[in-house]
Number of protein chains: 2
Amino acid sequence: MPLFRIEKIVLIGAGNVATNMALAFKKKNKNIVQIYSHTERAAKILGNKIHTSYTTDLNNIVTDADLYIIAVTDSAISSVVKNIHLKNNLIVHTSGSVSMEIFKTDSSNFGVFYPLQTFTKNRCLDFDTIPVCIEANTLKNQEILSAFAKDLSKYVYVINSEKRKLLHLSAVFACNFTNYMYYIAEDILKKYDIDFDILIPLIKETANKIALNSPYNAQTGPAIRKDIQTINQHLDLLSYNDDYKKIYDLMTDNIMKMKHLT
Amino acid sequence: MPLFRIEKIVLIGAGNVATNMALAFKKKNKNIVQIYSHTERAAKILGNKIHTSYTTDLNNIVTDADLYIIAVTDSAISSVVKNIHLKNNLIVHTSGSVSMEIFKTDSSNFGVFYPLQTFTKNRCLDFDTIPVCIEANTLKNQEILSAFAKDLSKYVYVINSEKRKLLHLSAVFACNFTNYMYYIAEDILKKYDIDFDILIPLIKETANKIALNSPYNAQTGPAIRKDIQTINQHLDLLSYNDDYKKIYDLMTDNIMKMKHLT
């Protein structure tokens, strides 16, 4: 028997993740038949963007789609699951940190479709290279989701909820905390009217070089050289901001520990 | 009178910075006449790489070059300055955090040539796009250095020692601490045998998107959403490592503060 193929999709959500997925799906000729958002404005903008009908009422969700994708903020997933009324249609969420079990009592065909990427509304990314982590409640659903994901991305992984949560945690360090490091750098430069753009080649190379060197081997800077003079100079320069000083101190200590220098 | 043009260069150092500069200079047909390193092996490897003579003795440095570039570790600069015997030849260092004044008592033509980039020996970068910050003791030397730097890079800035130190401090956050965030992410994944490569598209996009969005606007993740449930889940997952937990806590607090959520 040939594998059931996902044709009609309903997208629940109209935020960063939903918008990026909607645009990527359209590019790949996937048929999104409806958009839902509890915010009229967001639903309308995304609906118009991809020429699809939209609703702000979960009771108006069409019930004959092949896949329902919940791409809302983590804390809103359970309320969507409880208030959406489907038969046995396949439903997934897109969260890194919410267990698949959230569907257990309300659905019989469910799973997770987690794109491991940071999404911004005004940037449409190439979905081909985004790792997609999938999980499903049955092997059949896993195969259906996997086939669907492989139409969209070259990198599809079957990963259970426990591993996915670890992956999401690691992504918080690699993306969210990293971006915060960029923010501090920008804030320091602002004090002296230096344009943040001067750091962009450095930031890009720091990211690019770990594709070839492990972060352990790629580590550079005063901490790894145990350059106490420069470290003290930096702590002096940060004397105007106790928070940044604390972060500098903690990072420096840990980088030193990493190579057993302390 | 036409500007004095730098022809013959002596490179003091054979580490990451010196190696990258040597290769970049060669590519641009700059004439490095001699390499110095206190380590015979390093001097030989780099000398052979760019087909140039090398020495491990500062007394054997040729005295007729137009520019002497000190690319050694910060703490070794002053000893090089004291032990190199030149006439009035132009001499510069390449450090972000060492003041230009280090040359003051031993030289009459001096400055700084600071490439704002992270260098790895086995990666030869395109120097064209590396910001170069220069400083010199006279306007004439500044013009000579500036013309030289512009032959190598599209982005040349005249920046004084005070600003350069700030720039270097910001680079520690944007590069060194960022790389350490990558390291923690890798270390977390190792625990569950997940390959770090799965994070590379995310890491690259995090770096790429701040060329269009400021880090302040680009911030995503549980902290900025004030998603306490996910934050607590992450702290639980980190219970095996107090250092990582402390870093997670501090970063989360500060990201919340950034948008005045606490």
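Visitor: What makes A:Tyr68 part of a strand pair, and which residue is its bridge partner in β5(A)?

Guide: The partner is A:Ile91. Four bridges join β4 (residues 67-70) to β5 (residues 90-93) of chain A, and the two run parallel. Strands pair if DSSP finds at least two bridges between them. Four bridges are found here, so β4(A) and β5(A) count as a pair. This is a predicted model: local features need pLDDT of at least 70, side-chain atom pairs count only at pLDDT 80 or more, and totals for chains, interfaces and linings use all residues. Residues are numbered from 1 along each chain as its sequence is written, while chains are lettered from A and ligands numbered from 1 in the order in which they are written.

Visitor: Why are β3 and β8 of chain A said to stand at the edges?

Guide: The open sheet runs β3-β2-β1-β4-β5-β6-β7-β8 in chain A, with mixed pairing. β3 (53-55) and β8 (156-158) each have a single partner strand, so one side of each has no neighbour in the sheet. Strands are DSSP runs (E, at least two residues) and helices are too (H or I, at least four), numbered from the N terminus.

Visitor: What makes residues of chain A count as in contact with chain B, and how many are there?

Guide: Two residues are in contact if their C-beta atoms, placed from the backbone, lie within 7 Å. By that rule, 78 residues of chain A are in contact with 78 of chain B. α5(A) gives the largest share of chain A's side, 24 residues.
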